[in-house]
Amino acid sequence: MADSALKDTLLLHTDTTESGPINLEWPERYISIAAGARIALSGLAGIIKSPFSSIVKLGAGGYLLNRGVTGHCELYTRLGKVNTDPVNVNIRSSFTIDKPREEVYKFWRKLDNLPLFMQHLESVEVIDEKRSHWVLKLPTGVAKVSWDAEIVKDEPNEMIGWSSVEGSMIDNAGKVRFKDAEDGKGTIIDVVITYQPPAGGVGLGVATVISPIFKKMVDDDVRNFKQYMDINDKPYQYSDGDSSQTGNADHHVL
């Protein structure tokens, strides 16, 4: 009841305040208000005994209260978050392989081939016709990240689209398109990977730091794929057990 009343009161503010755009989501605003009130009260209680530390607490408490009431955080604005919409991070890479489009598509569609050239990808376990389990190694071996994904669109020799399933550690999606090179020799591959960092400023800050790292990882893996396909002159053939021979999905991606 109290939370509802507080939210109704704060809804009197528009999407933009005098301080700036509203870029804090409700859970974070509640936390800011609660923490600000607690710190400010602590400062008031010790104003006589410890005036200096109390003034610091009052200032910090006032900042957090204002942050929660207005829904605006200047630090988030400087990081590029100017509203409460989820932040999507897009990584894109394009390159040309000296192989026929059908052959390149077939190789990529068999997802457990990907760790052969993606050095940061420890494994891809194909679960069924659409679903797979991915394990990613972060640079310098800091940690491993895993998630389940599913093929959401499959246009043979044209495009493969995938998306993480609900509840994955990293909410991500991607697509890879295949088209003939302009000179008729080779295949142009266009890769787009999109992910959402955790909500809030922590997630945004993490995304700001790791996005260049992920971009470099994708570019490195792309170069490795080109080298792998160029070195292996033998045309890729499906085996009878390949799950990639299955039909198409009709869902949309990206």
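The model is predicted, so local features need pLDDT of at least 70 and side-chain atom pairs count only at pLDDT 80 or more, while totals for chains, interfaces and linings use all residues. Residues are numbered from 1 along each chain as its sequence is written, and side-chain values use heavy atoms, with hydrogens and water left out.

Me: How many salt bridges does the count come to?
Reply: The rule asks for a side-chain nitrogen of Lys or Arg within 4 Å of a carboxyl oxygen of Asp or Glu. By that rule, the count comes to nine.

Me: Which residues are linked with Arg 101 in a network of salt bridges?
Reply: Glu 158 meets Arg 101 at 3.0 Å, N to O; this pair is 57 residues apart, with Glu 158 in the loop between β4 (144-155) and β5 (159-164) and Arg 101 in helix α5. Asp 180 also meets Arg 101 at 3.0 Å, N to O, and here strand β6 (residues 171-180) is linked to helix α5 across 79 residues. Helices (H or I, at least four residues) and strands (E, at least two) are DSSP runs, numbered from the N terminus. So the network joins Arg 101 with Glu 158 and Asp 180.

Me: Does Lys 106 count as buried or exposed?
Reply: Lys 106 forms a salt bridge with Glu 102, the closest N and O atoms being 3.1 Å apart. Both lie in helix α5, four residues apart, about one turn of the helix. The cut-offs are under 20% relative accessible area for buried, over 50% for exposed, and partly exposed in between (1.4 Å probe, protein chains only). Glu 102 is partly exposed because its value is 41%, whereas Lys 106, at 19%, counts as buried.

Me: Which residue's backbone oxygen does the side chain of Asn 113 reach?
Reply: Asn 113 sits in the loop between α5 (101-109) and β2 (121-126), and counts as buried because its relative accessibility is 8%. At 3.2 Å, its side chain reaches the backbone oxygen of Phe 107.

Notes: A polar contact is a pair of N or O atoms within 3.5 Å; within protein, one must be able to donate a hydrogen and the other to accept it, and residues adjacent in sequence count only if both atoms are side-chain atoms.
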